[in-house]
Amino acid sequence: MKRIVPHIRIKNCKEEVAYYQQVFGGEIKNTQLSDGIDMFKGHEGKYIHAELHINEHCILYFADLFWDEPDKDSNLLLGPDLESEDEITQIYNTLAADGEIKMELQDTFWGAKHAIVKDRNGISWELNYTK
C-alpha cells in the first residue's frame, strides 16, 4: 500500500474546502463540477471532486453531499502529525473557534502536544505534535 487518502463528503464543498485551506494551508487542485454529467442532473454547481494539497505527502479529497447525510458522530478521527507547536496551536485555535473541543490542547505523557477537536462540519481531528 502506498498511502491512504481521506475522502470527505460535505455540504457546500467549495466553501468548505476553502475553509480547510485556511486551517491547514496548501493549494486547492483538481476540482471537478457536476455540471453536464447526467447522473448529477439537478446538482449543478456542486463539486464531485476537489483536492487540498497541504504538501506532497498530505492530500485530502473532498466531494459535495448529493443524496444522504453522513453520520456526524462517527468514530473516525483524522490525525495529522504536525511539525511545530506554532502549527498545532494555530490549527487547534482555528478548528475550535467554531467547533467543539473534545480534548483541550495539552502536553502528554508520551512527549507530545495533543488535542481533539470536532470541527463545524462534524469531522473530528486528533492533532498531535511530538516534541
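Visitor: Where is the place of leucine 76?

Guide: This is a predicted model. In it, leucine 76 is found in the loop between β4 (58–64) and β5 (77–78).

Visitor: Why does leucine 76 count as exposed?

Guide: The relative accessibility of leucine 76 is 56%. The word exposed requires a value over 50%, so leucine 76 counts as exposed.

Visitor: How far is leucine 76 from glutamate 126, which is 50 residues apart from it along the chain?

Guide: Their C-alpha atoms are separated by 9.7 Å.

Visitor: Why is histidine 53 called buried?

Guide: Histidine 53 has a relative accessible area of 17%. Buried means under 20%, and therefore histidine 53 is buried. Histidine 53 belongs to strand β3 (residues 47–55). Leaving aside residues up to four places away in sequence, histidine 53 touches Gly26, Glu27, Lys29, Asn30, Cys58 and Ile59.

Visitor: What makes the pairing of the side chains of histidine 53 and glutamate 51 a polar contact?

Guide: The contact between these two side chains is 2.6 Å. A polar contact calls for N or O atoms within 3.5 Å, one able to donate a hydrogen and the other to accept it. The value is within that limit, so the pair of histidine 53 and glutamate 51 is listed as a polar contact.

Visitor: Which domains does the domain assignment give?

Guide: The assignment gives domain 1 (7–64) and domain 2 (85–130). Their centres, taken over C-alpha atoms, are 23 Å apart. Nine residues of domain 1 are in contact with 10 residues of domain 2.

Visitor: How do you know that arginine 120 forms a salt bridge with glutamate 16?

Guide: The closest N and O atoms of arginine 120 and glutamate 16 are 3.1 Å apart. A salt bridge needs a side-chain nitrogen of Lys or Arg within 4 Å of a carboxyl oxygen of Asp or Glu; therefore this pair qualifies. The count between domain 1 and domain 2 is one salt bridge, together with six residue pairs in polar contact.

Visitor: What is the largest share of the side of domain 1 that touches domain 2?

Guide: That share is six residues, and it comes from α1. By class, this side of domain 1 has seven nonpolar, one polar and one charged residues.

Visitor: What is the area buried between domain 1 and domain 2?

Guide: It is about 860 Å², and carbon and sulfur atoms give 62% of this area. Tyr19, Val23 and Phe24 supply 56% of the area that domain 1 buries against domain 2, more than any other three residues.

Methods:
Residues are numbered from 1 along each chain as its sequence is written. This is a predicted model: local features need pLDDT of at least 70, side-chain atom pairs count only at pLDDT 80 or more; totals for chains, interfaces and linings use all residues. Side-chain values use heavy atoms; hydrogens and water are left out. Domain bounds come from an automatic or database domain assignment. Contact means heavy atoms within 4.5 Å. Buried area is the accessible area (1.4 Å probe) that two parts lose on being put together, summed over both. Helices (H or I, at least four residues) and strands (E, at least two) are DSSP runs, numbered from the N terminus. Ala, Val, Leu, Ile, Met, Phe, Trp, Tyr, Cys and Pro count as nonpolar, Asp, Glu, Lys and Arg as charged, and the others, Gly among them, as polar. Buried means under 20% relative accessible area, exposed over 50%, partly exposed in between (1.4 Å probe, protein chains only).
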